[in-house]
Amino acid sequence: MAFHKVLLVPWLTASQIHAFTTKIPHVATLIPSMKKSDVQCRLDFLSAVPDTQNHDDASIATTTSPKPHKRRERYSGRYPKNFKDKYKERQGDEETISKVLAKGMTPAGQHVPIMVKECLHYMGLENNQRDRDSPVLVVDCTLGYGGHSSYILKQIMNSTDARLIAFDQDSVEIIKTEERLRKSVLEEIDTATESAGEGNDIFTAVNQNFAELGSYMTSTNQVGKVTSLLADLGLSSMQIDNNDRGFTYKRDGPLDMRMSPEDDSTETAYQLLQRLRVRQLKSMLKNNSDEEFADEIAFGLIGDRSKIPKTTMELADRVRDIARPLIVKQHNWNSEQIGKNQAKKLKSQLDSTIARVMQAIRIEVNGEFRVLERLLEDIPTKVLSPGGKVVILTFHSGEDRRVKKSFKSGFKSGIYSAWSRDVVRPTKEERRDNPRSSCCKLRWAILSDQNAN
């Protein structure tokens with residue numbers, strides 16, 4: 001609201017007061033009476049707006065004030081919890097980012113790659129594992145923030161014939177990541193190749209789901225040319241942290257969960273729940289996340305069609321209300337007198353249940369198991385070269401079972417010459433520094449030299 005600075009104003013008549021307060025309504029609160037005897041107008045306001053109206057009995061001088069400073073919204077606690085409030089992390093403030101990393105957390109808008117050293121080793125990309133003059137074609141099936149890809153580029157940049165093709169179906173993040181890589185890692189590569197008089201086509205970003213990898217290799221005449229492949233099946237931290245994407249139950253957001261948010265042909269999580277019947281949702285919860293309370297949760301979520309949750313917090317609260325008495329009964333606890341240790345265990349189990357439900361819905365929305373199975377089918381037939389290496393990072397039992405089954409059966413049939421019978425896990429230090437790596441499993445396989453595509 002603007003204020004006026006009024007100078008040299010004598011006693012005002014009632015009509016003058018009326019005209020003045022009509023023009024500037026908020027001044028009326030400062031002049032409660034319309035009587036001349038009640039008003040001695042010595043108004044001294046520091047800010048003003050232009051006034052072009054003529055006043056016969058008063059001399060009014062006006063000036064324009066600067067726009068008042070808008071303070072940022074305050075948030076509860078020492079650190080902001082919502083993605084939109086973490087402006088320092090998102091703007092790249094180094095001091096804030098270092099503090100977040102020191103706490104074992106991931107800065108908003110960023111992603112910390114998991115088991116980088118192990119991935120490079122089992123992909124055969126460590127310096128002592130390959131011949132510099134041998135052709136190298138690497139595929140990163142999930143570009144994401146570009147963490148793994150940046151390390152891959154640094155490893156292959158000195159090779160005479162090396163390229164990286166990175167896939168990502170997230171049309172929002174792939175643009176940001178390609179720009180970020182070109183400003184950092186690729187600038188260094190450009191300088192090196194220009195000084196050597198070589199052209200540079202070392203990096204290609206493809207905005208497609210990795211389910212289309214086989215088709216892409218066919219259309220670009222690169223079938224059976226890939227020497228190393230990486231597929232990180234986990235969600236990127238940018239997707240988890242952004243409330244609007246609907247991937248986390250810890251902050252409220254729309255029940256979306258689409259990997260390609262701009263693709264209107266893909267239904268959102270809320271639309272999926274609207275379409276499913278109780279029997280279908282029950283089956284989905286069992287198959288996608290091994291949920292033990294699938295029957296009760298399915299009925300509780302969509303049994304009443306008028307009360308289907310629309311947001312992540314609504315979904316979490318509903319699942320929590322459904323599962324709490326079931327868990328209490330399972331442990332034979334007294335629901336009226338739950339002790340401190342029991343309450344802690346109850347909360348942990350409730351959080352795990354909510355996470356499994358959201359995982360099951362997300363897998364269905366994005367067809368993640370169908371996509372993975374198609375990739376596993378195409379890797380030995382359309383992608384890898386003889387002796388080529390594949391590394392896959394999984395984050396839950398449904399993914400790991402499918403990868404293990406594919407590699408094991410491929411080894412028995414002679415398609416793969418070696419595979420990881422035992423999973424590779426992050427080190428204790430990495431799990432401490434990056435808690436999101438705790439549930440990750442790495443499996444690898446090597447295509448047989450005799451396997452001809």
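How many disulfides does a search of the whole structure find?

Analyst: The model is predicted: local features need pLDDT of at least 70, side-chain atom pairs count only at pLDDT 80 or more, and totals for chains, interfaces and linings use all residues. Residues are numbered from 1 along each chain as its sequence is written, and side-chain values use heavy atoms, with hydrogens and water left out.

The search of the whole structure returns zero disulfides, a disulfide being a pair of cysteine sulfur atoms within 2.5 Å. Cys439 takes part in none, and the nearest cysteine sulfur, which belongs to Cys440, lies 7.0 Å away. For Cys440, likewise in no disulfide, the nearest cysteine sulfur is that of Cys439, at 7.0 Å. The surroundings of the two residues can be described as well. Cys440 is buried, at 0% relative accessible area, whereas Cys439 is partly exposed, at 44%. Here buried means under 20% relative accessible area, exposed over 50%, and partly exposed in between, with a 1.4 Å probe and protein chains only.

Among contacts between residues at least 6 apart in sequence, 70% join residues at least 24 apart, where contact means heavy atoms within 4.5 Å.
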